[in-house]
Each structure stands twice: as C-alpha cells, then as structure tokens.
Amino acid sequence: FKEGWGVQAGADFRIHSNLTLLSDVRYADYANISVWSVIPGARIHNDDQSQSLAIRLISISPSDSDTRFGVSARYDGDLTPGFRLFGGAASYTDTEAGVTRQLRSAFGGASVTLADNVSMIATAEYDRREQSYTRQAVNLALIFRLGN
C-alpha cells in the first residue's frame with residue numbers, strides 16, 4: 001500500500017494573530033506511477049489558539065491522469081481546561097498501492113486530562129475508499145507523560 005519512496009515538505013505562516021496559512025507539498029513514487037500533491041490551506045483561530053478551524057484544498061496529480069481536487073476541514077476546541085474536542089471531514093482523491101481513487105472520511109473525538117501527566121484520548125473514524133474498502137474504527141489511548 002505504500003509508495004516505493006517519497007518526500008514531503010510543509011510550512012505554516014502566521015499572517016495575523018487569528019490567521020495562519022498552511023502549505024504542504026508531497027511527491028510519491030510507486031511501481032507504476034508517481035504522484036504530486038499540493039495542499040494549501042488556512043487555519044482561523046482565536047488569540048490563544050484554544051479554538052481553531054482549518055480548511056485545506058487538496059490537489060493531486062498522478063502521472064497517469066489529470067489533476068483532481070478535494071477538500072478537508074478540521075475543528076479543534078478547548079471546552080474547559082483539560083477537555084478538548086476535535087473533529088473533521090475530507091473528500092479527495094488519494095493514491096494507494098499505485099491506484100488513485102476517491103476517499104471520503106470523517107472523524108471526531110475528545111481529549112481529557114486526568115492528572116498532571118496523564119490524559120486520555122477517544123476517537124471515532126470512518127473512511128470510504130471507492131471500489132476498495134470501508135473502515136470504521138474507535139481508538140482509545142491513555143497517555144503518560146514523563147518528566148516536566
């Protein structure tokens with residue numbers, strides 16, 4: 001499912017106290033095709049970044065077909081100190097095992113601080129790749145932070 005080799009680079013540019021521009025460029029080489037993707041976007045957030053909404057345009061250019069476009073969005077928000085909600089959705093073409101197909105996905109979850117160095121994250125996910133698979137998952141993680 002993975003590329004033979006690939007490279008990616010990206011940068012975030014904070015252009016205002018409430019706006020950050022996002023950029024990501026990727027190249028992947030598979031056995032039968034190569035793929036370029038360019039992913040510009042923007043994140044709107046409040047001054048302390050406790051609430052944010054990121055929107056990205058996804059363009060993918062496989063060597064065997066025309067450029068295709070998609071979009072993704074993600075929300076992150078601290079509801080109270082120690083309790084964070086996050087969620088998002090996307091619809092774009094993606095290449096897996098050298099085959100480019102439409103992918104639709106959504107996720108949502110929460111992070112809760114249980115103690116100074118312990119937190120828990122719960123996430124629900126849904127992915128649908130046309131003519132391939134549907135994946136539904138629930139993840140639960142307990143995180144222990146060592147040191148300060």
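**Aromatic pairs and salt bridges**

Modeller: Let us begin with Trp-5, which is partly exposed, because its relative accessible area is 48%. Please keep in mind that this is a predicted model.

Biologist: How many aromatic pairs does a search of the whole structure find?

Modeller: The search finds three aromatic pairs. In one of them, the ring centres of Trp-5 and Tyr-27 lie 5.3 Å apart and the planes meet at 50°, so this pair is tilted. Trp-5 belongs to strand β1 and Tyr-27 to strand β2 (residues 19-29), so the pair ties together parts that are 22 residues apart in sequence.

Biologist: Is Tyr-27 buried or exposed?

Modeller: Tyr-27 counts as buried, because its relative accessibility is 16% and the cut-off for buried is under 20%.

Biologist: Which residues form one aromatic cluster?

Modeller: The cluster consists of Trp-5, Tyr-27 and Trp-36.

Biologist: And what about Phe-86 and Phe-107?

Modeller: These two residues, Phe-86 and Phe-107, form a tilted aromatic pair, with 6.4 Å from centre to centre and 35° between the planes. Phe-86 sits in strand β7 (residues 83-96) and Phe-107 in strand β8 (residues 99-115), so the pair links distant parts of the chain, 21 residues apart. Phe-86 counts as buried at 14% relative accessibility, whereas Phe-107 counts as partly exposed at 27%.

Biologist: Let us change topic. How many salt bridges does the structure hold?

Modeller: There are eight salt bridges in the structure. Among them is the one between Asp-12 and Arg-43, whose closest N and O atoms are 3.6 Å apart. This pair links distant parts of the chain, with Asp-12 in strand β1 (residues 5-16) and Arg-43 in strand β4 (residues 41-45), 31 residues apart. Asp-12 counts as partly exposed, at 47% relative accessibility.

Biologist: Which residue forms a salt bridge with Arg-26?

Modeller: Asp-24 does, and the closest N and O atoms of the two residues are 2.7 Å apart. Asp-24 is buried, with a relative accessible area of 11%, while Arg-26 is partly exposed at 36%.

Biologist: Where does Glu-125 lie, and where does Arg-135 lie?

Modeller: Glu-125 forms a salt bridge with Arg-135, their closest N and O atoms being 2.8 Å apart. Glu-125 lies in strand β9 (residues 118-129) and Arg-135 in strand β10 (residues 133-144), so the pair ties together parts that are ten residues apart in sequence. Both count as partly exposed: Glu-125 has 23% relative accessibility, and Arg-135 has 32%.

Biologist: Which residues are linked with Glu-125 in a network of salt bridges?

Modeller: Asp-127 and Arg-135 are linked with Glu-125 in that network.

Biologist: Now to Ser-119. Is Ser-119 buried or exposed?

Modeller: Ser-119, whose place is in strand β9, is buried, with a relative accessible area of 3%. The side chains of Ser-119 and Arg-145 are joined by a polar contact of 3.1 Å. Not counting residues up to four places away in sequence, Ser-119 touches several residues, including Val-112, Leu-114, Ala-141 and Ile-143.

Biologist: One last topic. What is the mean pLDDT of the protein?

Modeller: The mean pLDDT is 93, and 99% of the residues reach 70 or more.

Biologist: In which strand is confidence lowest, and in which is it highest?

Modeller: Confidence is lowest in strand β3 (residues 34-38), at a mean of 92, and highest in β4, at 97.

Conventions
Residues numbered from 1 in each chain as written. Predicted model: local features only at pLDDT ≥ 70, side-chain atom pairs only at ≥ 80, totals over all residues. Heavy atoms only, no water. Salt bridge = Lys/Arg side-chain N within 4 Å of Asp/Glu carboxyl O. Helix = DSSP H or I, 4+ residues; strand = E, 2+ residues; numbered from the N terminus. Buried < 20%, exposed > 50% of the residue type's maximum accessible area, 1.4 Å probe, protein only. Polar contact = N/O pair within 3.5 Å; in protein donor to acceptor, adjacent residues only side chain to side chain. Contact = heavy atoms within 4.5 Å. pLDDT = per-residue confidence, 0-100. Phe/Tyr/Trp six-rings, centres within 6.5 Å; stacked < 30°, edge-to-face > 60°.
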